[in-house]
Structures are given as C-alpha cells and as structure tokens.
Amino acid sequence: MKAPGADVGSQPYGTPSPYEKRLIRNIPKNLKQYTSASSRTPLQDLDGIITPNGLFYERHHGGIPEIDPARHRLMIHGLVERPLVLTMDEIRRFPSESRIYFIECSGNPGFEAMTGRTASDLVGLVSCAEWTGVRLRTVLEEAGLEPDARWVVAEGADAAAMTRSIPMEKCLDDAMLVYSQNGERLRPQQGYPFRVLLPGYEGNMSVKWLRRLNVTAEPIHAREETAKYTDLMPDGTARQFTFVMEAKSIITRPSGSQRIAAGFNEITGLAWSGHGRIARVEVSVDDGRSWTEAHLQPPVLTRALTRFRLPWTWDGTPTTILSRATDETGYVQPHFADLTAVRGTKSFYHNNAIIPWRIAASGEVANGFVKA
Ligand SMILES: Nc1nc2c(c(=O)[nH]1)N[C@H]1C(S)=C(S)[C@@H](COP(=O)(O)O)O[C@H]1N2
Ligand SMILES: [Mo]
C-alpha cells in the first residue's frame, strides 16, 4: 500500500499471477511424439465449469498447423445444389450463436490406462468452454442439400488431414462451426481459425482447422472410424460409430496426489453427459456401501460440465470415495467391472467408469484402481 503498483498495460495480454506458475497443462511424457501428442487439463486445480483457453486439453494427430485466416478457405461440395468456397469473413457473416459445451476425447482414459496419479492423469482429456460460431445447419442450407445427402465428411487442414463422417441428423441438429472460444478467437491448438463442434460426441469428430465438408450418401470409413476409434468386442466384432460420450463424473477435490486433514472437507467434482443434462450425482465416502446425493451447482447445462459439491467431515479413518453420475435419460455411470463385463478387455475407447480415490490415514489421496 506504500507504493503504486505496476502500470496499467504492463501486460497487454494478461497472464496469471507469478504465484500460479505451476498451473499448466499436464503433458504425459510418453505421448510427446508427433503423431500421438496430447496434453491434459489440470482438472483438480480448477474451479467452476469453464476451462481457461490456455489450459484446454489438446489432442493432435499431426501437430498444430499455422493457418493465416486471410488465406484459409472452407469448401462445401458433394451432394449439394450449390458447391461453395467460403472465406473466413463470409463464415463470420452468417448469424452467430454462443453456447457452452464440453469436448472429451473418447480415449479418456483408455481401458488399460487407469494408473494415473491425478484426476488430470485419468480424465484430463475433457474441457468445457463457451463456443461462438454458426450452426452447421445454416451453412449446409446455404449450399442446399440433395435428397441423398445423409452424411457430411469433415476434413482438417493439418498434416493428419483428420477426416470424420458425421451423420446428417447431428449436422442439422446442434452441430456448430466455431471460431471463438470463451469470447476470443480459437487458439491455434483448438483449431484456429475454425473447427467443427459436435456437442456430446467423441472429441475426435470435432475436426479442427476445418477446410472441407463433403456431403455424401454413405460414411467414408476413414482411418479414424475403422482402424482407430472402434472397439473390439469379446465376440471378435468391432463397435463402430460410437459417437456419444456417455455420462461420467470425477471427484476433483479431494483427488489423487492431494492431501487432506481430518475434519471438514468439501467434496467437489465434475459430471457430464453427451446425451444431455446431468440429473443427479451421488457420492459415496464408504467405497460404495452408501451413497448421498451431491448438490449440483447451477447452471446445469446440456452437454456441458456440471459442478457438484458435498460437505463432508472426515473422521480420519482410511476410506475410498466415489462419485456416480446419472443423466436426464436415466443412464447411470457404471463401475469398471460392469463395463468390462459387457465390452470385454480389448476395448480402448469410451471408458466412463466410476473413479475411486483411496484416502490413507495420513490424508494422502491416491488412485483406487492402483493397489496400495
Ligand atoms: N484436424 C484435426 N482435428 C482434430 C484432431 C486432429 O488431430 N486434427 N484431433 C481430434 C481429437 S482426437 C480430439 S479429442 C479433439 C481435441 O480437441 P482439442 O485439441 O481442442 O481439445 O480434436 C479432434 N479434432
Ligand atoms: Mo481424441
């Protein structure tokens, strides 16, 4: 108080306090290679439901391209009456909308990757933002759909040329082409200058750096919907086109590698469902013997992260805590054993199992999937 502080504009683009330097994306060491790179959101250190843009998880199959929006084009062709090539300015002239949605990678975590220490290690491939853009429907109507138009094949302008077939019902429903995230232009990592956003669908289909929409009668069976993003079932067949991310939740505090003290602790975490709103989150503080309904913090939005809270007094005895989400369709988040009973052990994607946190007498919190 005895001297003036730093000048206004000393940081033309604001950054966090120097005391928050450790709040960064979580980059798994074994996943740094070019073709399979990802970074995770530090869920356990964030509050509320919105992920700051600098901490949004990233998943890239061919690196982050640098794209000059002035030179970027979107081509819309195939089963349309008027093929179009649009500039960024033309895309921004369409009527716009802003909506809050999560995006989650369907390998979050893979069936055999349940050994992470923190909430971020386990399910950090999910983030939530307010997106602004144009309804995909509006752009498709501008091009005019032919009678056989049943799929839209989206292609990215990255080195991976990420390509996915999207069913027409989704394209005409809530699908968006987004250019802004939390009020500012998309970051290069999230698909600058613009991307597809398919609310509730596996993140892989929200094609970033979008350059092309090919309207077709059939899906094209691209690499990412055959060799990848399919699940081998116990009978030897594979599940394909598993679009929707099913209901899931995780306690972010207390969570792995944190330490709590006996006495009052607020249990809080996140729940979400690709099928709609979260209806209920139950928390167990006795390893699933009994469950208590947590408070859902408004707003509870469709296909967005939902914050839940439960006051708890820990008596200091070792225990395991769990959370279980139910969505508005009545679907209940399963235990891992229930998932493998149906899906076998050769599955990789769409693991929405209940996550156990084990609390030791010392107050140390650890991943309950890993033996003590
Ligand atoms: N063009 C392109 N789009 C892409 C990808 C990619 O590698 N290239 N990765 C996909 C995957 S697997 C996911 S989970 C999401 C991740 O989005 P994010 O990096 O903005 O979190 O983008 C999808 N869209
Ligand atoms: Mo992904």
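Visitor: What makes up the lining of the largest cavity, by class?

Guide: The lining divides into eight nonpolar, seven polar and five charged residues; Asp, Glu, Lys and Arg count as charged, Ala, Val, Leu, Ile, Met, Phe, Trp, Tyr, Cys and Pro as nonpolar, and the others, Gly among them, as polar. The model is predicted: local features need pLDDT of at least 70 and side-chain atom pairs pLDDT 80 or more, while totals for chains, interfaces and linings use all residues. Residues are numbered from 1 along each chain as its sequence is written, chains are lettered from A and ligands numbered from 1 in the order written, and side-chain values use heavy atoms, without hydrogens and water.

Visitor: Why is this space called a cavity?

Guide: A 1.4 Å probe fits at its points, on a 1 Å grid over the protein atoms alone, but cannot get out, and so the set is a cavity; lining residues have an atom within 4 Å of a point. The largest cavity has a volume of about 230 Å³. Among its 20 lining residues, Arg 59, Arg 195, Gly 203, Ser 206 and Lys 208 are the closest to its centre.

Visitor: Where does ligand 1 sit?

Guide: Ligand 1 sits in the largest cavity, and therefore more than half of its atoms lie within 2 Å of the grid points.

Definitions and conventions:
On a 1 Å grid over the protein atoms alone, a cavity is a set of points where a 1.4 Å probe fits but cannot get out, and a pocket is an open set with protein on both sides within 12 Å along at least five of seven lines; lining residues have an atom within 4 Å of a point. Grid points are joined across faces, edges and corners, and a volume is the space filled by probe spheres set on the points.
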